Amino acid sequence: MKINDVILRTVTKIVVFIILTFGVELFLAGHHNPGGGFIGGLVLSSAFVLLYLVHDIETVQKGIPWDYKKIAALGVFLAVGTGVGSVLFGAEFLTQTASHFDLPVFGSTELSTILLFEAGVALTVVGVVVTIILSISEDV
Amino acid sequence: MFITIAIFIPFLAAILVPFIYKWMPSRKIGWFVLFVPLTLFIILASFIPSVAKGGTYIHTMRWIDSAGINFTTYLDGLSMIFGLLITGVGTLVILYSIYYLSEREALGRFYVYLLMFMGAMLGVVFSDNMMVLYVFWELTSISSFLLIAFWYHRKQSRYGAQKSMLITVSGGVAMLAGFIMLQTLTGSFSVREVIATIGQYTDDTLFLLAMLLVLLGAFTKSAQFPFHIWLPDAMEAPTPVSAYLHSATMVKAGIYLVARFTPVFGGEAVWFYAVSCVGLFTLFWGSFNAVKQTDLKALLAYSTVSQLGLIMSLFGLGSAALNGGYSADSVIYTQATFAALFHLVNHSTFKGALFMVVGIVDHEAGTRDIRRLGGLMSLMPVTFTIALIGSFSMAGLPPFNGFLSKEMFFESMLIIRELDLFSMGSWGALFPVIAWIASVFTFVYSMIIVFKTFLGEHQPDRLDRPVHEAPIGMLIAPSILGLLVVGIFFFPNMVGHYVLQPAMAAVYPPFAGAEGMVPHISAWHGFNYAPLQLTLGVIVVGVLLYLSLRYWRGVYTIAPMRWSLDGLYNGLLLQTERFTTVLTRFYMTGHLRDYLVYIFTFFILVVGGGLVLTGSFAFDFSNDAPITINEYVLVFVMIGAGISILFVKSRMTAIILNSVLGYAVALFFIVFRAPDLALTQIIVETVTTALFLLCFYFLPDWKREIASRSTKIINAVIAIAVGAIVTILALTVQGNKLFESISVYFEDSYALAGGKNIVNTILGDFRAFDTMLEVVVLFIAGLGVFTLIKLKARKGGQDVEDQ
Amino acid sequence: METLITILVGVLVTVAVYLLLSRNLIRVILGTAILSHAVHLLLMTMGGLKKGSVPLLGENAESYTDALPQALILTAIVISFAVTAFLLVLAYRTFKETGSDDLDALRGVKDE
């Protein structure tokens, strides 16, 4: 899939970063505001898909040599792992905890195991969506 | 605690084996595997002194508390015996298999199955919870299936594997039903609790039914008549497997079950008769059939069937003691159970040794057919000695452990004549008679094993290769078993005191600490001792029968003998397959539309019919929220878009209309105060549309739908009916709020889950299980897409079947 | 409002079922997609519509919209996306292997 479009390429360079930032923002906002793992993951993956659309697959693959299946697998592992993790601490499966930490830069921040869980969700979404799109478009 | 871990160690090792095997693909992998049962055996053995003093160990891991299913392990005398057998014989069998299996075999697979079996078997004997026990029970059937079919390219292996699986698993399902009935009666899945409370329910009809179902499970597993037919076919497995699963451990799971449930059902006439008569008949039938076998392994299979029947019948007799509680009279019947436990141990030693001997003969001579064997004594002196020890012990001769348990068996059979319970009357006299006849046959086939193989004339021309003694490594394991056979004869009371006595306490909880439960085992009681006279009779008649074997062999060809249970099984299987094929062909037409028509018609009939019949229409529009003008517009846009999809000519238009629907749904989500949904919906809709377009690039354009007018009308009727029913149903549900909404609970999400976005706290915390599984589904779908595209079918894959 | 949406759901279900019963693979897939739209709306309606503020506690509102259906729908959206993607690829792959997207032509052989 090779599209030679200078405007699109130029715009993409900036837009991809905006989308990526937005994705991360949505992901982190999820706790108290609209957002969360799914949406964050979807937005992130749309940024990647845009990259692959604009440049051809080989070029992007050189810059970002990730195996998205592994990313998806890592995500599932994180999501299931947080569940099993709570069992190791003697709690019920998938018990989540949260508490406040004083971090040097951010001040008093609330960190929760939900964040890990949601990260797993987001990674899976990114991995799966990009895998699907790439698989189809590579198979010509 | 250790016991719980002990169950899981083999499973963990099984996970590790493939990795180690990949790294070190040689038979040395066996030494790693050997380490597992050996360690377990040693640790388990360290519990013997405290268990012998009456100690028990319970450990509970909470699992499905709400359903009363917890991972409770329980170590008492009974599970100790089985645990020691499983790990002890397991050690020896693995040691043996290291030398038995060649390097070309799929050793990794073999040891994975074997370890899986070991873990499952330990799970069966250590579980206190019936549901957990059931799971492990079926897991043993599955691993047995895999091991029998280890050489899966052979048709006979697959046949044997399927047969054993079908029979034992159907028995297992019956047992599950029995367990559930017991739970319904007593309200607990814990065996210990059932034992404690069952007394008040013995008059219930469910009690009898539960008993029969549990027995069905035990009989199928332990190959009791008429379910014994799977065991001879299971001999297709590699010999170490036969020695381990199909003589020492798995087939004894049924025995274990009977022993474990004797405190529950024992003392009932049905239990007494069912267990002892089935056992006794199996004893006779197995030994009678063993004599005619020419394949050594088949002979051993029938002999195992017979010996299992012997142990089973003893447990049946022993259960009589529980009728009416403890008294000086009733305690005498517990001797049968003691003999059963003793013979259980003895059988594992001598039968394990014999299986290994047969494996060695097979390995060295290349055949197990006794017609081709003979005169191996001078060529394989060590093997011969072990075979001699094993078979003489099985025949019940001194100075081997089989003699002791056989005498106790006769004694129990004689005592039972005096039982005046269960309207025994004169029937009791029949018990020792059958037992004696069966013992004669046992003597005959034991002699066949050792003498037809090792004595007589050596026939080198009928063998494929010159025979010589087995390598030393292969002889170690059977030698240890042979030494045990002799050792137990000389020190039987060691076993009696440390191993059997606590097991007796487990089988007879009401008799705890009673006098006379554990007899002093001795080999010599004087000439006037009736069992000894019976044994002498067995020897005399047995020798005569053995010598005249060729004259009465014709008995086996008499007509009724040909009509076999195997034929019945095969016929049944064939007929079932035929019938189900016809039935399936009838409604599984291969048209997707037909299947959907079934589903929708069913939906219309049941849900629609239900609505009409119960007349539960109740519309209540008073609670409706007000509608603004732009919402009307949105609704009509959606209806218009939806209906026009049906009529558009181009697929591109259709997909755009679908997107219209999707984005309109997203707009509704905004209207309905669901920002998360709106965001997700917009992105998903975009990606979906892109996917559709991507696929359209490769797919052909829409053709006109070629369908007859009547089909179209039927489709339309079904579609409209389904749509109408859904609408009416939804309106009715909204009109009748039967319950208060549970959603108020989630509004406390900040305190409960530390998040202010209620939707996300539900996803991430309250109902995280859904989300987790959803992620897994998503991942599977992604992998599915990937494999669908990347993995092309390899044309002309090799066909390994039916060699 | 609920009644109106319910009727809309009914119409969408009718359309979806009709598409599902057709012979063309793509139409069947489209049918599943529309069916999931209908179900999402139905779930939403079941929780009651416009009865309170956005379910974010930060809003400090009097009452909140029912959040449970929203969570269910969010899960359903993603799952239906995965299913649609899988079905599409299945259709694509089927076409590549057999050269047909007609379900009647694709039905399995009579005897294996």
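Helices here are DSSP runs of H or I with at least four residues, numbered from the N terminus. By that numbering, B:P226 sits in the loop between helix 9 (205–221) and helix 10 (230–233) of chain B. The model is a predicted one. Its scores are ipTM 0.92 and pTM 0.77.

**Confidence in chain C**

- Chain C has a mean pLDDT of 84, and 95% of its residues reach 70 or more.
- Within chain C, helix 1 (residues 2–20) has the highest confidence, at 92.
- Confidence in chain C is lowest in helix 4 (residues 103–106), where the mean is 72.
- Where pLDDT is low, predicted coordinates should not be read in detail.

**Domains of chain B**

- The domain assignment of chain B lists domain 1 (558–588) and domain 2 (746–789).
- Taken over C-alpha atoms, the centres of domain 1 and domain 2 of chain B are separated by 49 Å.

**Contact between chains B and C**

- Chain C puts 73 residues into this contact, and chain B puts in 81 residues.
- On the side of chain C that touches chain B, at least two residues come from each of helix 1, helix 2 (25–46), helix 3 (67–98) and helix 4 of chain C.
- Helix 3 of chain C gives the most to that side, with 23 residues.
- By class, the side of chain C that touches chain B has 48 nonpolar, 16 polar and nine charged residues.

**Contact between chains A and B**

- Here 39 residues of chain A are in contact with 32 residues of chain B.
- Helix 28 (675–696), helix 31 (758–766) and helix 32 (768–790) of chain B each give at least two residues to the side of chain B that touches chain A.
- The largest share of that side, 14 residues, belongs to helix 32 of chain B.
- The side of chain B that touches chain A divides into 20 nonpolar, eight polar and four charged residues.

**Helices 2 and 5 of chain B**

- Helix 2 (residues 29–45) and helix 5 (residues 107–126) of chain B pack at an angle of about 5°, and their axes are 11 Å apart.
- Angles under 35 degrees count as roughly parallel, so helix 2 and helix 5 of chain B are roughly parallel to each other.
- From helix 2 of chain B, the contact uses B:I29, B:G30, B:V33, B:V36 and B:P37.
- Helix 5 of chain B meets them with B:L107, B:G108, B:Y111, B:L115 and B:M118.
- This contact of helix 2 with helix 5 of chain B has eight nonpolar, two polar and no charged residues.

**Helices 5 and 6 of chain B**

- Helix 5 of chain B also packs with helix 6 (residues 130–148) of chain B, at an angle of about 155° and with axes 8 Å apart.
- Angles over 145 degrees count as roughly antiparallel, so helix 5 and helix 6 of chain B are roughly antiparallel to each other.
- The crossing of helix 5 of chain B past helix 6 of chain B is left-handed.
- Residues of helix 5 of chain B in this contact include B:F117, B:A120 and B:V124, while those of helix 6 of chain B include B:F136, B:W137 and B:L147.
- The contact of helix 5 with helix 6 of chain B has 13 nonpolar, four polar and no charged residues.

**Helices 18 and 21 of chain B**

- The axes of helix 18 (residues 430–454) and helix 21 (residues 530–547) of chain B come within 8 Å and cross at roughly 50°.
- That angle makes helix 18 of chain B oblique to helix 21 of chain B.
- The crossing of helix 18 and helix 21 of chain B is right-handed.
- Among the residues that make the contact are B:W436, B:F443 and B:M447 of helix 18 of chain B, and B:L534, B:I539 and B:Y546 of helix 21 of chain B.
- Their contact has 11 nonpolar, two polar and no charged residues.

**Backbone details in chain B**

- Most residues other than glycine have a negative phi, and most peptide bonds are trans.
- B:F225 and B:P226 are joined by a cis peptide bond, with omega about 0°.
- B:A223 is found in the loop between helix 9 and helix 10 of chain B, and its phi is positive, near 55°.
- Another cis peptide bond runs from B:P398 to B:P399, with omega near 0°.
- B:P399 lies in the loop between helix 16 (381–395) and helix 17 (401–415) of chain B.

Definitions and conventions. Residues are numbered from 1 along each chain as its sequence is written. Chains are lettered from A and ligands numbered from 1 in the order in which they are written. This is a predicted model: local features need pLDDT of at least 70, side-chain atom pairs count only at pLDDT 80 or more; totals for chains, interfaces and linings use all residues. Two residues are in contact if their C-beta atoms, placed from the backbone, lie within 7 Å. Ala, Val, Leu, Ile, Met, Phe, Trp, Tyr, Cys and Pro count as nonpolar, Asp, Glu, Lys and Arg as charged, and the others, Gly among them, as polar. Axes are lines fitted to C-alpha atoms, for helices over the stretch in contact, and angles run from 0 to 180 degrees between N-to-C directions. Angles under 35 degrees count as roughly parallel, over 145 as roughly antiparallel, 65 to 115 as roughly perpendicular and the rest as oblique. A crossing is left-handed if the near helix is turned anticlockwise from the far one by less than a right angle, and right-handed if clockwise. pLDDT is the predictor's confidence in each residue, from 0 to 100. Domain bounds come from an automatic or database domain assignment.
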